[in-house]
Amino acid sequence: MHVLIVTDQHADSLGGAQVSIRQQQAALTEAGHLATVVAPRLHRPHPPRVHDIDLPSMRITRDGEYGMSWPGRRIDRLLLQRLGQLPPVDVVHVQGDFWGALIGYRIARLLHAPVVHTLHNDVDSGTRAVTPLAGLVFVALRAWRRMLLGRSLPVSPRARGAWRYLAELTAAARVVISPSAHFARRLHEHGVEGAIVMPTGVDDRLIAQAQAGAEPQESAPIRLVWLGRMSSEKRIVEAVEAFAASERAAAASAELHVYGHGLLEAMVRRRIDELGISSRVRLYGAVSHPEALRAIARSDALLQTSVGFETQGMTVYEASALGTPVVFCDRAIADEVDVRPSWVTAGTSTADLVRAIDEAVAAIEQNRADGRELRVTGVDRMRWLQSRLTEQMLRRYRALIGARTTVRRSGAAASSDHEDRSADQGNH
């Protein structure tokens, strides 16, 4: 089977969707299939990826982390040329919402291949978080989609703004996937119909390696960890400020370990200095996925600080699989993951996060005093493993390929029947 994965950003760029794409590609390859990732070229040094097709792109962030490829006939020709050197594509799996999605649907049409579309992003919330002109952006997105893909199939009248764009985009997909139940409900409420729930998995091998390398922390300072992109919607500044305001964390000499980078990195460093907590906060920058998992495994608790933005809890799934408790700010994610111990903020303020951190530190201290390490228990950690979820995805792919083959055979039979009738008529 050849699965063509088309996405907005290079698989080696920073982000939860990119992690999930790398994991899916690795799992499909291990299962004996070919998974080719199509994405914009990355504008910074990175190891070559053998099974990727890097598209011409323009840099859209100063650090070269993210790029944009312009959909159109030039990209179509380039992709067809590159794909001509590979086995035929059986399924196109779109894992993007913007240029990657448009490129994916165009190439699927040219290849006559079925489309599976995983919706990773809350386009409505994400766009509103970065621009006051979100309404105009949504109109532009719909016009762009129509220019490149033509008229859409009818969609729900409930779909408005960003949701109408997503509904029109996914109307051509054979399968639409949401990585969480809470986002699937949100999609349905806003008129994007038919999404099935299939969470992003965690890498079986890397989880096992991280668990094997984790050491008990009883004698070390209490360690809280935050991972992600340093952007406003991730609330990294609020996480730092809440940690600084937690008297319980200060009394326990707790440390905050931060992994990741982004536009707010300079602001985060400045706030750490202003708050006088530089001796207790460590910034590691961007690290490899295995290193990030080891950091989670070594920590006493993970801070999940975004609210209403995430379509899934990628780092939360990983923490739960590794047995690391979580401080949640997003109740929808907390309810879906449903692990113990965990702490959920009562609201979205920094003070609410301070109280949750206090509760977590107190519980960790109490367990250490009793000679125990506080870890997640009583949950099926296997439910997040990529191997399980890849097999579910493969069943979906096989069903689509089977249906496609049936349609082709039916079409061929109908054509043959028509030719026979024509021949009969010609003989009379």
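## A pair of bridged residues

Tryptophan 226 has valine 258 as its bridge partner in β11. The two strands involved, β10 (residues 223–227) and β11 (residues 255–259), run parallel and pair over five bridges. Here two strands count as paired if DSSP finds at least two bridges between them. Helices (H or I, at least four residues) and strands (E, at least two) are DSSP runs, numbered from the N terminus.

## Model and confidence

This is a predicted model, in which local features need pLDDT of at least 70 and side-chain atom pairs count only at pLDDT 80 or more, while totals for chains, interfaces and linings use all residues. Residues are numbered from 1 along each chain as its sequence is written, and side-chain values use heavy atoms, with hydrogens and water left out.

The protein chain has a mean pLDDT of 90, with 93% of its residues at 70 or more; pLDDT is the predictor's confidence in each residue, from 0 to 100. Across residues 413–428 the pLDDT falls below 50, and this stretch has zero contacts in the model beyond near neighbours in sequence. Contact means heavy atoms within 4.5 Å.

## The six-stranded sheet

Strands β10 and β11 belong to an open sheet of six strands with parallel pairing, ordered β12-β11-β10-β13-β14-β15. At its edges are β12 (281–283) and β15 (342–344), each of which pairs on one side only. On average, neighbouring strands of this sheet are turned by 20° against each other, direction ignored. Axes are lines fitted to C-alpha atoms, for helices over the stretch in contact, and angles run from 0 to 180 degrees between N-to-C directions.

Two helices lie across strands of this sheet. Helix α13 (residues 314–322) lies across β10, β13 (301–304) and β14 (326–328), at about 165° to β13. Helix α15 (residues 350–369) lies across β10, β13, β14 and β15, and runs at about 160° to β15.

## The seven-stranded sheet

Another open sheet holds seven strands, paired in parallel in the order β3-β2-β1-β6-β7-β8-β9. Its edge strands, β3 (52–55) and β9 (196–197), each have a single partner strand, so one side of each lacks a neighbour in the sheet.

Within this sheet, β1 (residues 2–7) pairs with β6 (residues 91–95) in the parallel sense over five bridges. Threonine 7 stands opposite glutamine 95 in β6.

## Helix packing

Two packed helices are described by the angle between their axes and the distance between the axes. Helix α2 (residues 73–83) and helix α3 (residues 99–111) have axes that come within 10 Å and cross at roughly 55°. The two are therefore oblique to each other; angles under 35 degrees count as roughly parallel, over 145 as roughly antiparallel, 65 to 115 as roughly perpendicular and the rest as oblique. The crossing of α2 and α3 is right-handed. A crossing is left-handed if the near helix is turned anticlockwise from the far one by less than a right angle, and right-handed if clockwise. From α2, Arg73, Ile75, Asp76, Leu79, Leu80 and Leu83 meet Ile103, Arg106, Ile107, Leu110 and Leu111 of α3. Eight residues of this contact are nonpolar, none polar and three charged. Ala, Val, Leu, Ile, Met, Phe, Trp, Tyr, Cys and Pro count as nonpolar, Asp, Glu, Lys and Arg as charged, and the others, Gly among them, as polar.

Helices α5 (residues 134–149) and α6 (residues 162–170) pack with axes 8 Å apart at an angle of about 15°, which means that α5 is roughly parallel to α6. Their crossing is left-handed. Phe138, Leu141, Arg142, Arg145 and Leu149 of α5 meet Ala162, Arg164, Tyr165, Glu168 and Leu169 of α6. The residues of this contact comprise six nonpolar, no polar and four charged.

## Backbone exceptions

Most residues other than glycine have a negative phi, and most peptide bonds are trans. Arginine 340 and proline 341 are joined by a cis peptide bond, with omega about 0°. Proline 341 is located in the loop between α14 (331–337) and β15. Arginine 235, a residue other than glycine, has a positive phi near 60°, and arginine 235 lies in the loop between β10 and α9 (236–245).
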